[in-house]
Amino acid sequence: MNIFEHHLLEIKNLILKKKSILKLDKVGNLDSINLEIPPEKFNFDLSCNIALVLAKENNQDPKILAEKFKKVFLEKISNFSEIEIAGPGFLNINLSNNAIINNINLILKNKKAYGSFETNETYNIEFVSANPTGPMHVGHCRGAVFGDVLANLLKFNGNEVTKEYYINDYGNQIKNFVESVFLRIREIKFKEKYPQNKNLYPGSYIKDIAAKILKKNNKIDFKKLDINFELIKKESLKISMDLIKQDLKKLGISHDNFFSETEIVNKDLVNIAVKKLKSKNYVKEGYLEPPKGETDENWKKIKRLIFKSTLFGDDTDRSLQKNDGSWTYFANDVAYHMDKVNRKYNHLVNILGADHTGYIKRITAAVSALSENNTTLNCKVCQLVKLFKNGEPFKMSKRAGDFISAQDLLKEVNKDLIRFMMLNRSNDVELDFDFDKVKEKTKENPVFYVQYAYARINSLLRALNTNFIKKVDLDENNFNPNDVEKKIIRKVFEWPKIIESASRKFDLHKIPYFLYDLSTLFHAYWSKGNDDQNYKFIENKRIKRKEIIAVVNLVAVVIENGMGILGVSLPDKM
């Protein structure tokens, strides 16, 4: 079903067979040969760079070599009907009608798998991992959608995927969180004033947590924090995590596994991880160099355990201990990733917030060291989201404290809009989310435009009293798609390349982009029928041509698969 892969293999095999006739002394650079969709102005199905690649290697003129390839390909590859040499030696290729028809029917027969390529690997994707000290905010939403859609994409390709959430339920921020809840309990129970302390959490949601704990434990006096600490911690974290899970559910997201930082402490995983790294001579006892801008005389030298992360591509070695000898946050993270490595995944993926860019090299180095380079770690950073309403920045909720919560976002727009738009730009650039635009029922709203294309297809099928099909009977001698149908068929044929690129590089934004472009072509085709009788779909309550049946079904297949990966619904009426 991937015509690019199929015909590229056909070309490579033919070159190896005919290399003596073509006077090719060297054909070692076949990996650099590719098949692409040529620019629209050329009006061809495929474009190949083979003459440019092998001419340089064999010291030949690429245009002369292209002529030789053209002759051999037309003689030996029955699926090629026409070849034109363009530019410095590109081969622009048209497929035979038989090849196009066969590919159309293969797509329709195997529609649920169209675009996928089998890799059968195991992945652990850790994403969201919002601190359980408050509600999810908008920044978490972007990472949440990215992680969930990546999991869908990898599963679409036949991989086994675990979606994991790391609960930061240990350390100073948890102590401050528990103290905040305790003081809110005191405020409710004893009318004490809540102190203005920078370490405490200001959001009104802390009051809600306190009220729930108080209602459930109304016989406890709550006089001292240390006496009630473990109870408040357990209850607060459960309430907070339940709220986060509810927000995730509204976004269509559920995790397979929740891993607690407290588990790292209770199982002494840091000591085990450090011992493992020591045994491989990846940890040393020594002194850190002063940070940039810090003078030697002001820098306190303290002996500590240091991970030799520069052995694995990091800029500097990293401390595993603080000045007081306790473990750093990084040491805990090393222990957590050791646990993931021990679970025998082929690939680990961390979806990180915008403020974690500087953390990537050290944790990647740690995974390389712990796994002896047998497990890969891929970190993707999701940049900030800026919300706009009525042309102005969207105001934050007073309940959340100092950020815009996921609940605020979900009150304004539904999950379909959020999921599609959070991926509508590359994850490594900031995203402007305009509430007014995403609510428009126009071409300016890409979510609506894709859903509307699918709804239009369904309305056409209802008018014809028919369903989606698995095969269309096209006659190669009479197969004559018009100019718009050719564009749509070529676009549909490109879908596997989009999936492959998105999967290999985690460039998820390519999927909504492609769906929007395909839908734009379909809407243009639909509208053209209003102005030109030759482009009408239906005549006398019957479909005019079989090519139309093919195009309609092909577009539906890609939209169904693409929106399925994105986790966005497809209404059949709008």
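Which hand does the crossing of H11 past H12 have? A few notes on that and some other spots, bearing in mind that this is a predicted model.

1. On the helix pair: the crossing of H11 past H12 is right-handed. H11 covers residues 329–342 and H12 covers residues 360–371; they pack with their axes 10 Å apart, at an angle of about 45°.

2. On who touches whom: H11 brings Phe330, Asp333, Val334, His337, Met338 and Val341 to the contact, while H12 brings Arg362, Ile363, Ala366, Val367, Leu370 and Ser371. Sorted by class, that makes 8 nonpolar, 2 polar and 2 charged residues.

3. Glu372 isn't a glycine, yet its phi is positive, about 55°. Its relative accessible area is 37%, so it is partly exposed.

4. Asn373 belongs to the loop between H12 and S12 too. Here phi is positive again, about 65°, and Asn373 is not a glycine either. With 54% relative accessibility, Asn373 counts as exposed.

5. Elsewhere, there's an open sheet of 4 strands, ordered S1-S2-S4-S3, with antiparallel pairing. Its edges are S1 (35–36) and S3 (80–86), each of which pairs on one side only.

6. Zooming in on that sheet, S3 and S4 (residues 90–95) run antiparallel and are joined by 6 bridges. If you want a pair to check by eye, take Ile85, whose bridge partner in S4 is Leu91.

Definitions and conventions: Residues are numbered from 1 along each chain as its sequence is written. This is a predicted model: local features need pLDDT of at least 70, side-chain atom pairs count only at pLDDT 80 or more; totals for chains, interfaces and linings use all residues. Side-chain values use heavy atoms; hydrogens and water are left out. Two strands pair if DSSP finds at least two bridges between them. Helices (H or I, at least four residues) and strands (E, at least two) are DSSP runs, numbered from the N terminus. Axes are lines fitted to C-alpha atoms, for helices over the stretch in contact, and angles run from 0 to 180 degrees between N-to-C directions. A crossing is left-handed if the near helix is turned anticlockwise from the far one by less than a right angle, and right-handed if clockwise. Contact means heavy atoms within 4.5 Å. Ala, Val, Leu, Ile, Met, Phe, Trp, Tyr, Cys and Pro count as nonpolar, Asp, Glu, Lys and Arg as charged, and the others, Gly among them, as polar. Buried means under 20% relative accessible area, exposed over 50%, partly exposed in between (1.4 Å probe, protein chains only).
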